[in-house]
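Open the structure in your viewer and keep the selection tool at hand. Each stop below says what to select and what to look for there.

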Amino acid sequence: MSSDLMPLYYAILKQFMDGEEYSAGEIIDALEPLYGSYKLLTKKDVEEALATAKENALLDESSYDLDEHGELRIRYQINDFGRDMIDRYIGKYNNPQV
Amino acid sequence: MDLDERVTELRTQRRRKYFVRGIAFATASGICYGMYTGFITLAETQGVWGEWFAGGEWGGGNPALSAFVISFVLAALAAGLNDFFSGIWSLLACAKNRQLGDFWKTIKTKPGLIMMICAAVGGPIATTAYIIGLNSATAAGNPGVIVPIAALNCAIGAVLGRVFFKQELNAHKIVGILICLFAAAVIGGTSFAAMGPEALLGCLFAFIAAFGWGFEGCVAGFGTILIDYRIGIAIRQTTAGILELFVMFPLLACVSGGVGSIPELAGAALTDPALLIFVVSGFFAMPAFSFWYKGNSMCGAALGMACNGMYAFWGPFFIWLIMGALNIGGMAADYPPLSPVQWLGALIMVAGIFCIAVDPSRLFRKASEEATHV
């Protein structure tokens, strides 16, 4: 099963292609069914992945609030550059529908 | 305290924490660059490598190698061993994160292919040229001098970005490039005066390395932001190591006059204890790249590149520390520190790289903005 999946980093980025904003926790919830067995699907690692994507100008920070534990929650949203890059380079890779 | 204030405070805290850690990582990456350079230089003085470079008989009766083999073929072999081992180290890191499946899948996608093309330019061409430069400067008396020349890759990357991708070249970048060129001219010029034409040959090859890495930096920056950085590094190092060992080294060996020299040299290098030092240099080459990316993600690519570029200073520093001051390898007298003017040149180079990467007026504005926002 997992051999049909695209790499986790692609899946994280492509999650944003629906134009919605997501926090690290929400990305994990969305990818859990397919990528639950991945060791790097943790809050710390996904947060780092999103921060990297933001520094690489693929994502923008869109809003901030506190989560249920009183910790800062940053949500991100894709921008035009990110959409263009993802379309152009990894647009054709998709996961099987569950 | 209301909710908005609490969120603002947490954001400020987090940004500051990221910023400081990012600078720490990017600086550590520059230090690792310096250490990997130092250990390669050390490895090349040990065992059979020492005999090869001494230019006499080696391995108990084999005839001395030709100047071409010593300059070029051994450089490809050394670069290949270093990159291959660092590829293995980075694959082990991926295995620890259970990323090997993703590694394999990424290779078969477009961003993975771009990464491999970049590695083909940055590895066999640039890294080999870097080692050629190091070696001929070693022969001339001081390997440290060429490292700051190779660090021109930031300046060249900025110019290539302008030519290929129509990226902006602001005033601060142009000033930075001029500062770097000036520093490189000072270091190269004083080496020439003190050490003779061989040092200049070293500087020339270091310049080719800077060109290759500059190209790699500006293309890779475009194609690789879609790959997890740990996987990206593993692709880069394994591709570079394999191409250097299995294409560049045999190719150069054939040119120099014999297929027979391939197994002879490779066999001697692989069975010599100095191989372990290449394992160590490869170990430092891995975080040199991986901390660079991690640092970029935390303090911004521009500042990250600047901190990393401090290897212009750390390279000669660690060559001098490991082989000169600590006298590991027992050849201290052959590894003098740079002259005061050259150390100054290396520091000016670091300042120039900072100017290219970071707009000083903007950095200043950002800092004062953050201060008033708190």
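The bend at a residue is the angle between axes fitted to the seven residues ending there and the seven starting there. Helices (H or I, at least four residues) and strands (E, at least two) are DSSP runs, numbered from the N terminus. This is a predicted model: local features need pLDDT of at least 70, side-chain atom pairs count only at pLDDT 80 or more, and totals for chains, interfaces and linings use all residues. Residues are numbered from 1 along each chain as its sequence is written, while chains are lettered from A and ligands numbered from 1 in the order in which they are written.

**Stop 1: a bent helix in chain B**

Select residues 229-255 of chain B, helix α10. Where does α10(B) kink? The kink is centred on Glu244(B) and comes to about 40°. Now check the length.

Is α10(B) mostly covered or mostly open? Mostly covered: 19 of its 27 residues are buried. Buried means 20 or more other C-beta atoms within 10 Å of the residue's own, exposed means 12 or fewer, and partly exposed lies in between; C-beta atoms are placed from the backbone. Step just past the helix to Gly257(B), which has a positive phi of about 120°.

**Stop 2: confidence**

For the complex, the predictor gives an ipTM of 0.90 and a pTM of 0.84.

**Stop 3: chain A**

Select chain A. Four helices and two strands make up its secondary structure. From the N terminus, the order is α-α-α-β-β-α. The C-alpha trace spans about 35 × 30 × 20 Å along its principal axes. Of the 98 residues, 32% count as buried.

**Stop 4: where the chains meet**

Show both chains. Contact means C-beta atoms, placed from the backbone, within 7 Å. By that test, 24 residues of chain A touch 26 residues of chain B. On the chain A side, α1 (8-15), α3 (43-55), β1 (59-66) and α4 (80-90) each supply at least two residues.

Conventions: Contact = placed C-beta atoms within 7 Å. Expected span 1.5 Å × (residues − 1).
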